Amino acid sequence: MSHAKLFIPGPVEVSAKTFEAFCRPMIGHRSQDFKNLYAGLQPSLQELFYTKQPVYLSTSSAWGVMEAAIRNLVAKKVLVCMNGAFSDKWYDVAIKCGKAAEKCQVEWGQPITAAIVKEKLAQGGFDALTMIHNETSTGTMSPLAEICEVVRSFPDVCMIVDTVSSFSAVPIKMDEWGIDVLLTGSQKAMAMPPGLALFALSQKALDRAATVKDRGYYFDFLEFQKNGAESMTPSTPSIAHIYALKSKLEDIFAEGVENRYRRHDENNNIVREWVRSKGLELFPDEKFASKSLTCVKNNKNLDVAAMVKTLKQKHNFLIDGGYGKIRGTTFRLSNMGDETPATMRELLAALDDVLAG
Ligand SMILES: *Cc1c(COP(=O)(O)O)cnc(C)c1O
């Protein structure tokens, strides 16, 4: 029997081509072959990150690097922007790392705005800020370029940005916007198996890390820099993921980066149109709604759990019935990764069938 196709917002569906690359024979991670593989990825990764800095590969999920950013960069106090499950949790992680942290918190479904960030940072005492560009739990995309502009006027503050579910779906201009840590994971916007995180660091982030104590070893940014300079990772990486990444980057550049952005936009518009046609609403304000997934507000009082279950049983498609405290009052449809207008229409037709009973 074929597997259930994933339209949940992570992990998302992995193509046969990516899996084939994932399953290639291993090579030594200190071999010239590995160095060539690693170095060969850099130009395309730098283009996607819009940076001249090296892009590092961490064998961990995104949280590894999210925690690392706190441990490497926060000496005084971090401002944690919170508007959903992932960004809320970053505050707990900072506290568990023994750091001083303060909340910049809005309701789930609201965006973080430049104005509230400015007001908080103006209180002083911060040396870092964490921000989730696209809150996957609520389908909310905050206006990152505007926020970065505000943060740039606070030169002591390192800007740490999670783009796990928006990377390569919309342009995110690391160098131009002055982002100090830009990170993403493998299993969402990149449509690879879970287990790899990608990140780049500004010179400011590296200079800061050099002054911060207790960075540990596995996630020490200076270890990544030192090993990266020799086209290697600090410890044995998931080589399978790096093969998969090479394959995925080939796909992305064969399609064209701009075409990829356009495809995500088209996919997402098709879903939004369907939401309206059903008399449903978006959970966030449309102006701040994500382009890579849709968080639907269940204003029609649908039995979401039954809908998810029937969709799986009858059509073998998996969608998400809402995250945490908004389970059932929302549901989420992913359009990230390799999805196309045609595959999104297939999903929506199946949902129509389920809703028709
Ligand atoms: C899924 C997700 C994470 C956590 O990723 P892991 O792979 O579980 O570490 C972090 N941030 C965002 C925005 C996410 O969507």
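In which loop does aspartate 214 lie? In this predicted model, aspartate 214 is found in the loop between α8 (203–211) and α9 (221–228). Its backbone carries a phi near 60°, a positive value in a residue other than glycine, and the residue is exposed, because its relative accessible area of 65% is over the 50% cut-off. Asparagine 301 is a further case of this kind, with a positive phi near 55°; its place is in the loop between β12 (293–297) and α12 (304–315), and with a relative accessible area of 67% asparagine 301 is exposed. Most residues other than glycine have a negative phi, and most peptide bonds are trans.

Turning to the chain as a whole, 13 helices and 14 strands are found. The C-alpha trace spans about 60 × 55 × 35 Å along its principal axes, and the radius of gyration is 20 Å, which agrees with the value near 21 Å that a compact globule of 357 residues would have. Buried residues account for 58% of the 357 residues, while the accessible surface of the chain comes to about 14300 Å², with 52% of it belonging to carbon and sulfur atoms. Of the contacts in the chain with a separation of 6 or more, 71% are made by residues 24 or more positions apart.

The ligand is surrounded by a shell of residues that includes Ser61, Trp63, Met66, Phe86, Ile132, Asn134, Asp162, Val164 and Lys188. This shell divides into 6 nonpolar, 4 polar and 2 charged residues, and helix α3 (residues 62–73) gives the most to it, with 3 residues.

Aspartate 320, in the loop between β13 (317–318) and β14 (330–334), is counted as buried because its relative accessible area of 12% is under the 20% cut-off. The side chain of aspartate 320 makes a polar contact of 2.8 Å with the side chain of arginine 332, and a polar atom of the aspartate 320 side chain lies 2.7 Å from the backbone nitrogen of glycine 322. When residues up to four places away in sequence are not counted, aspartate 320 touches Ile8, Pro9, Val308, Arg327, Phe331 and Arg332.

Tyrosine 50, by contrast, lies in the loop between α2 (32–49) and β2 (55–58) and is partly exposed, because its relative accessible area of 23% falls between the cut-offs of 20% and 50%. Residues up to four places away in sequence again being left out, tyrosine 50 touches a set of residues including Pro171, Ile172, Lys173, Met174, Val257 and Tyr261. The C-alpha atoms of tyrosine 50 and valine 275, which stand 225 residues apart along the chain, are separated by 33 Å.

Conventions:
Residues are numbered from 1 along each chain as its sequence is written. This is a predicted model: local features need pLDDT of at least 70, side-chain atom pairs count only at pLDDT 80 or more; totals for chains, interfaces and linings use all residues. Side-chain values use heavy atoms; hydrogens and water are left out. Helices (H or I, at least four residues) and strands (E, at least two) are DSSP runs, numbered from the N terminus. Buried means under 20% relative accessible area, exposed over 50%, partly exposed in between (1.4 Å probe, protein chains only). A polar contact is a pair of N or O atoms within 3.5 Å; within protein, one must be able to donate a hydrogen and the other to accept it, and residues adjacent in sequence count only if both atoms are side-chain atoms. Contact means heavy atoms within 4.5 Å. A residue is near a molecule or strand if one of its heavy atoms lies within 4 Å of it. Ala, Val, Leu, Ile, Met, Phe, Trp, Tyr, Cys and Pro count as nonpolar, Asp, Glu, Lys and Arg as charged, and the others, Gly among them, as polar. The radius of gyration is taken over C-alpha atoms; the globule rule is 2.2 Å times the number of residues to the power 0.38. Accessible areas come from the Shrake-Rupley method with a 1.4 Å probe; for residues, only the protein chains shown count as cover.
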